[in-house]
Each structure stands twice: as C-alpha cells, then as structure tokens.
Amino acid sequence: MIRRSVLSRIGGLVFALAIAAAGVHLEAQGTGTIKGNVDVSGVPHDGDAVIYIVKAPGTFAPQPEEMDQHDMVFRPHVLPVLVGSKVTFLNHDPVPHNVFSPSYEKYDLGTWEPGHIRTYTFKTCQQVPCAYTQLCRLHENMEAFIVVLQNPYFSVSEPSGDYQITNVPPGNYTLAIWYPGKQKAASRSITVKAGTTLTENFALKP
Ligand SMILES: [Cu+2]
C-alpha cells in the first residue's frame with residue numbers, strides 16, 4: 001500500500017514536470033524564428049556573417065562572453081555581443097599573446113602568459129553595429145572581430161551559410177547583416193509573427 005502511494009507520487013511528479021515542459025513550449029510559441037542562408041561572393045566558405053535585428057524594444061541584460069586564443073588564432077573569429085557585455089580573453093597557447101583594438105575608443109589589454117585572462121567591457125556603442133577589430137601585437141596574422149549589438153536577436157552564419165535566430169518577439173524590424181570583408185548586402189524590413197518561421201536569404205557582394 002505504501003509502495004503504491006510512492007509510485008503514485010512519482011507519477012504525479014512526472015505529470016507536473018510534463019506540464020512545466022509544455023508551459024515552456026507554449027511560451028516559445030509566442031515568438032517567431034528567422035532563418036536563411038548567406039552567400040558570400042569570392043570566399044571559400046559563407047561563415048562569419050552576423051545577421052541581426054537592428055533595434056528591438058526594451059533593454060537587454062549584457063551577457064558574459066569569451067574569446068580564446070588557441071593554435072595561434074582567435075576563437076571565434078567573429079563574436080557578436082550585447083552592448084555592455086564583458087568579454088574575457090583567454091590564452092590556451094604555449095606562448096604569450098596580446099590583444100588590442102584600433103577601433104572606436106581603442107584599447108590595449110597588454111601581453112599575457114598562457115593560462116591568464118584579460119577582460120574588456122563594451123559599453124560605448126552609439127550606433128550598432130560597432131565592430132571592434134581584435135589584433136595581437138606579437139602575431140600580425142591574428143585578427144578577429146567583436147560586433148556590439150543592441151539586442152540578443154542575432155546569429156553568425158555557419159560555413160555553409162546557414163543561420164537561425166530564435167525566440168524573436170512578434171513585431172516589425174529591420175534585419176541587417178555585417179561581414180568582416182568588403183562584401184555587403186542591404187538591410188531589409190521584416191515582420192515577425194508568433195509561431196512562424198521567416199526565411200531571409202542574403203547574397204553579399206563587394
Ligand atoms: Cu598572439
């Protein structure tokens with residue numbers, strides 16, 4: 001009898017969890033998805049394009065982000081962040097690295113040994129996108145980009161060119177694209193509806 005009661009409670013718990021999961025799912029149904037493909041002319045892959053909503057209503061909490069230096073390259077090559085976010089710069093190589101940026105207010109985080117970190121907070125972006133070039137004084141081939149944006153509705157294209165932005169609140173927006181090379185594409189007006197997926201493809205040309 002006691003065992004049966006415990007089983008019944010476990011059953012109730014599983015049921016409650018199922019309801020909770022369904023609740024989360026219903027919440028996500030109040031939003032829309034933007035997806036598509038980016039084609040960049042003249043390059044071997046279509047990755048590293050940042051597709052983003054220029055401005056969304058409300059304020060958004062900055063998120064901590066990381067940029068690593070490993071195998072003598074910055075990882076990721078392109079890192080979009082929300083304005084106000086603190087980026088931690090890591091070093092997983094057996095040699096020292098440096099980080100500096102000649103963009104906007106400019107900064108130089110110095111040179112540091114493997115296993116140590118430096119941080120920088122991107123507070124000052126007035127007009128998105130603010131693209132900060134990241135360079136290393138010790139290795140002139142190293143280059144990366146931190147792209148400061150107003151809201152979290154952004155995505156970086158995969159090498160295939162595919163991208164997806166999920167959980168976008170319904171509304172009318174400007175969808176734009178930033179790329180580290182000279183190739184560009186015009187921004188466009190979009191309408192996101194709850195429970196639907198919008199397909200927006202971009203062809204980037206010099
Ligand atoms: Cu370096």
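A search of the whole structure turns up 1 disulfide (a pair of cysteine sulfur atoms within 2.5 Å). This is a predicted model, where local features need pLDDT of at least 70 and side-chain atom pairs count only at pLDDT 80 or more, while totals for chains, interfaces and linings use all residues. Residues are numbered from 1 along each chain as its sequence is written, and side-chain values use heavy atoms, leaving out hydrogens and water.

The disulfide links Cys125 with Cys130, S to S 2.0 Å, and is right-handed, with 85° about the S-S bond.

| Residue | Relative accessible area | State |
|---|---|---|
| Cys125 | 14% | buried |
| Cys130 | 2% | buried |
| Cys136 | 4% | buried |

Leaving aside neighbours within four places in sequence, Val87 is in contact (heavy atoms within 4.5 Å) with residues including Met67, Leu79, Tyr120 and Ile146.

Then there's an open sheet of 4 strands, in the order β4-β3-β6-β9, with mixed pairing. Strands are DSSP runs of E, at least two residues, numbered from the N terminus, and two of them pair if DSSP finds at least two bridges between them. β4 (73-75) and β9 (118-121) are at the edges with a single partner strand each, so one side of each has no neighbour in the sheet. β3 (residues 65-70) runs antiparallel to β4, joined by 3 bridges; Gln69 has Phe74 in β4 as its bridge partner.

Conventions: Buried means under 20% relative accessible area, exposed over 50%, partly exposed in between (1.4 Å probe, protein chains only).
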